[in-house]
Amino acid sequence: MDITKEQEEKFKKLGIGSYSELALIVPSAYEDLRLHNKLQTHVMQLIDATVESVYKSPNSLQITFYAHNFGHAITGVLFRPKPYMIHQFNVGERDYYYGMIECKSGFCSMSMPKKVTNVGKITPRYKTQLRTDVMLRFVQMFLTKENLLSEGLKEEVAEELLKIHFPAQEPVNLKKLESKTLNALKYVELFTYMKQLSHKRRYFKSITSTCQDYKKWAERLPFKLTYEQINAIEDIKKDLLSNISAKRMIVGDVGSGKTMVILASCVMMLPQRSILMAPTTILANQLYNEAVKYLPDVKIALVTNKSKKISLDAYDFIIGTHALLYRELPQASLVMVDEQHRFGTAQRNMLEKLVNIGDKKPHFLQFSATPIPRTQAMIETAHIDVSLITSTPFKKDITSKVIHKKDFKELLEHIKSEIDYGNQILLVYPLVEQSEVLEYQSIDEARGYWENRFENVYVTHGKDRDKEEVLLEFSKKGDILIATTVVEVGISLPRLSTVVVVGAERLGLSTLHQLRGRVSRTGLKGYCFLYTNKSESERLERFTKTISGFDIANLDLKYRKSGDLLKGHNQSGSQFKWIDLAEDEDIVKSVKKDCFLS
């Protein structure tokens with residue numbers, strides 16, 4: 001259907017760009033102009049009535065009606081009536097009137113009655129930026145089955161939506177929608193959202209479309225790759241063989257062995273060059289050491305702020321921090337970013353652009369150790385390919401427990417005994433400096449207590465310029481590390497057995513899972529204590545019984561509602577009105593299967 005400029009403006013005013021989105025603007029109420037013979041109180045109703053008398057006072061107009069459909073006298077009351085209203089009521093005339101009816105002790109009244117002509121119709125009423133009558137005409141003009149089907153909606157879904165806007169026999173109960181109607185709204189909401197996401201994806205030719213076999217390299221490893229690691233590598237293999245530049249996100253749980261997937265990608269790319277960007281020097285160093293260990297025949301370079309500016313042309317694999325963005329980089333066919341959420345979109349794009357050749361782009365892989373709900377992963381596939389690694393190479397043995405003030409003595413004894421065993425402790429505090437709002441100690445307030453009772457206590461936080469050096473020194477010599485959530489991602493601390501999170505109820509469950517993931521990295525028996533002043537917390541108790549990061553991400557959704565995937569992360573509330581990503585996995589699967597996606 002051709003749309004005029006004026007109509008296009010109305011779509012913009014409503015903040016929508018499709019017929020499907022128009023269908024999602026549900027009426028706020030209905031005007032039911034059917035004639036009933038049973039009187040209902042506190043409901044807008046139509047009466048077939050004769051005006052028996054009219055009494056006018058300074059501020060109101062009182063009309064006595066005889067309602068033929070109820071066989072009952074009703075008093076109509078208009079407050080501060082305008083002149084045109086008064087002319088609607090003439091003694092002796094029989095007509096149709098509509099208003100809210102209330103009855104007390106057998107006396108019934110109708111407030112603000114109005115004369116109506118379109119009897120027998122159920123008319124939806126909308127609360128939007130458009131005037132009520134304009135919106136109604138707009139819906140009647142554009143909300144057709146043909147228009148909804150033209151956007152790819154299934155017939156039964158389109159029909160279910162049309163029932164809301166054009167009810168036939170009965171108005172839809174908007175306070176308690178039937179499950180079929182609710183599911184149709186959820187389906188369409190997600191359908192339009194994923195369509196918008198898919199339009200954000202751009203396709204470019206890849207610089208190369210070759211791929212070496214990784215299996216001989218994998219056989220030489222001192223351990224076996226997990227089934228899910230192999231699945232992710234096989235996904236990447238298909239990407240690298242394509243002449244379309246890959247855009248894939250690989251999401252692994254804490255300790256799921258993402259590094260080996262990174263190294264396998266580099267092996268498959270040979271003899272073409274790969275570049276990997278990591279968010280911190282510590283992480284870049286760790287990845288470099290792993291690469292040197294497991295890729296003995298590959299020439300590997302490490303680039304940080306402290307690296308000498310030598311030519312990188314002779315290297316097959318270049319690993320670095322954001323310092324890479326300020327270097328002359330040789331041509332690379334594969335670009336990888338680890339902990340991609342720690343970089344801005346502009347930084348990720350900049351790295352890609354540094355190695356573009358004309359309109360050809362390198363294959364691009366993003367890695368993340370922050371598990372996302374499976375439903376979110378399915379949705380993300382509309383604009384980026386996603387591989388999930390949900391299992392870990394070995395089972396971690398971590399005891400998680402919610403603790404309170406009364407448990408402090410026991411916690412101290414545990415910390416002493418772990419240090420005696422040669423293990424390390426991490427204490428996470430909510431703030432660096434004292435706060436009058438927060439009932440927990442800050443790092444500054446607490447550090448004296450620990451430094452007086454223990455040796456080798458290290459302190460760092462997000463604003464600490466030397467945090468990487470502190471973490472490095474702690475990993476070698478420390479017993480206790482006091483920090484904020486700065487240690488959430490990245491550094492490997494093989495001797496870390498215990499993490500204590502102070503004010504744990506203030507953190508998202510995914511953050512708590514990342515912190516818990518710092519311990520027991522090498523099969524060590526681990527402990528995670530969640531300290532809270534709240535007498536009870538169902539959320540934290542459920543966390544202690546949940547191990548998988550992907551299940552934690554789902555729990556997080558339940559308690560916090562999903563962030564906005566399309567318009568930037570709105571962490572505390574969802575941009576979805578109808579769909580619940582924690583509960584509606586079947587609908588997400590259905591939309592993904594039915595629409596434009598395999």
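Trainee: What covers the buried residues of α9?

Mentor: This is a predicted model, in which local features need pLDDT of at least 70, side-chain atom pairs count only at pLDDT 80 or more, and totals for chains, interfaces and linings use all residues. Residues are numbered from 1 along each chain as its sequence is written, and side-chain values use heavy atoms, with hydrogens and water left out. Taking contact as heavy atoms within 4.5 Å, the cover of the buried residues in α9 includes β9 (247-252), α10 (258-269), β13 (334-338), β15 (363-368) and β16 (385-389).

Trainee: Within what arc do the buried residues of α9 fall?

Mentor: Buried means under 20% relative accessible area, exposed over 50% and partly exposed in between, with a 1.4 Å probe and protein chains only; by this criterion Glu-228, Gln-229, Ala-232, Ile-233, Ile-236, Asp-239 and Leu-240 of α9 are buried. Because the directions from the helix axis to the C-beta atoms define the arc, the buried residues of α9 can be viewed down its axis, where they line one face of the helix, within an arc of 140°.

Trainee: In β20, what is the bridge partner of Ile-425?

Mentor: Two strands pair if DSSP finds at least two bridges between them, and β18 (residues 424-428) pairs with β20 in the parallel sense over four bridges. In β20, the partner of Ile-425 is Ile-480.

Terms used
Helices (H or I, at least four residues) and strands (E, at least two) are DSSP runs, numbered from the N terminus.
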